[in-house]
Amino acid sequence: MLEVNNLTKTYSGVKALDDVSFTVTKGHVVGFLGANGAGKTTTMDIICGCLGSDSGNVTICGFDILDQPIQAKSKIGYLPDVPPLYREMTVTESVTYAARLNGIPREQVVSRLEEILPLLSLTDVSNKLVGSLSKGYRQRVALAHALVPDPEVLVLDEPTEGLDPNQIAQIRDVILTLKSHKAIILSSHILHEVQNLCDQLVIINKGKIVTTGDYESIAERYQGRSYELSVRHYSDAVVEKLTGLDFVTDLTKTDRNVLHFELEEPHHLDQVAELVLQEGYGIQKLAPLSSLEGIYKQATA
């Protein structure tokens, strides 16, 4: 339903996108991952026709976003990273306005609101001004704008930005409910949510796609390089000792005094364990970092 083919975009001589290609099919949620500045928002803006590319093309349900923009855009619901909301409107007025902009007949607007507002738990605040709402509620109003035309393709740029854990879980449930009859692409920095929610992953780094596939296939591709170490008696000397080993790279410490690092070869793990035990730090955990966090770190290094 969504095809992105060989997109290239340059700003002031710097390539923001370099031959970016991927597809999103009906019934699938694709996680679009990358650091700030990697090219995610630029790609999404081009997909939705908000920005032109230097080369390449995007088709939505068979319609080219440049050659047939009206038909293509009628198939898209877009939640941008900075949603444009009129703060002086009430929630009902705001979503009604979005419905009318999307060409929904006046007689159908009420029924669409009766479906969308409860879905996003906005009914209780429907008469409040958008500007008086918390950031999390404003984000849900913006999502309502994207959903109200009942699009076939959803493009969601940081849909859970500013939401608390309960609200994030709610948005996840909404997306899972919608995915059976839509093609959905979303970007997020909440990696465990992406891992639990998405059927496919596309990781972009410095404007180039570095890996694609489902989580299992990508994990297998990067298996055995990233590790996590937790010691019983932590001190900064642990970092110094491990940094001194030639085969240990990209050593970082989390805020829980847990160390993440990469090894040139898996058999070097025995030497790491031996050093930690000899120095008397004690091992609580020493295992491959097989989470999406570890994969993301490797893919974007």
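Is Asp-18 buried, partly exposed or exposed? Asp-18 counts as partly exposed, at 21% relative accessibility. Keep that residue in mind as you go through these close-ups, which all come from a predicted model.

**View 1. Asp-18 and its two lysine partners.** Let's begin with the residue from the opening question. Asp-18 pairs with Lys-15 in a salt bridge whose closest N and O atoms are 3.6 Å apart. A salt bridge also links Asp-18 to Lys-208, and here the closest N and O atoms are 3.4 Å apart. Because Asp-18 sits in strand β2 (residues 14-24) and Lys-208 in strand β10 (residues 208-213), this pair ties together parts that are 190 residues apart in sequence. Both lysines are partly exposed: Lys-15 has a relative accessible area of 47%, and Lys-208 is at 40% relative accessibility.

View 2. Arg-172 belongs to helix α6 and Glu-193 to helix α7 (residues 191-197), so the pair ties together parts that are 21 residues apart in sequence. Arg-172 counts as partly exposed at 22% relative accessibility, whereas Glu-193 counts as buried at 11%. Returning briefly to View 1, salt bridges with shared partners join Lys-15, Asp-18 and Lys-208 into one network. The count of salt bridges comes to nine.

View 3. Ala-169 is partly exposed, with 22% relative accessible area.

**View 4. Helix α1 and the glycine that follows.** Six of the eight residues of helix α1 (residues 40-47) are buried, so the helix is largely enclosed by the rest of the structure. The buried residues are Lys-40, Thr-42, Thr-43, Met-44, Ile-46 and Ile-47. Look just after α1 for Gly-49, which takes a positive phi of about 80°.

**View 5. Helices α3 and α5.** The axes of α3 and helix α5 (residues 135-147) come within 8 Å and cross at roughly 30°. The two helices are therefore roughly parallel to each other, and their crossing is right-handed.

**View 6. A nonpolar patch on the surface.** Tyr-86, Tyr-97 and Leu-101 form this patch, and together they have about 320 Å² of accessible area. You will find Tyr-86 in the loop between β6 (76-79) and α3 (91-101). Tyr-86 counts as partly exposed, at 44% relative accessibility.

Key: Residues numbered from 1 in each chain as written. Predicted model: local features only at pLDDT ≥ 70, side-chain atom pairs only at ≥ 80, totals over all residues. Heavy atoms only, no water. Buried < 20%, exposed > 50% of the residue type's maximum accessible area, 1.4 Å probe, protein only. Helix = DSSP H or I, 4+ residues; strand = E, 2+ residues; numbered from the N terminus. Patch = residues over 30% accessible without salt bridge, like charges linked within 9 Å, V, L, I, M, F, W, Y side chains within 5 Å. Areas by Shrake-Rupley, 256 points an atom, 1.4 Å probe, with all protein chains shown as cover. Salt bridge = Lys/Arg side-chain N within 4 Å of Asp/Glu carboxyl O. Axes fitted to C-alpha atoms, helices over the stretch in contact; angles between N-to-C directions. Parallel < 35°, antiparallel > 145°, perpendicular 65-115°, else oblique. Left-handed = near helix turned anticlockwise from the far one by under 90°.
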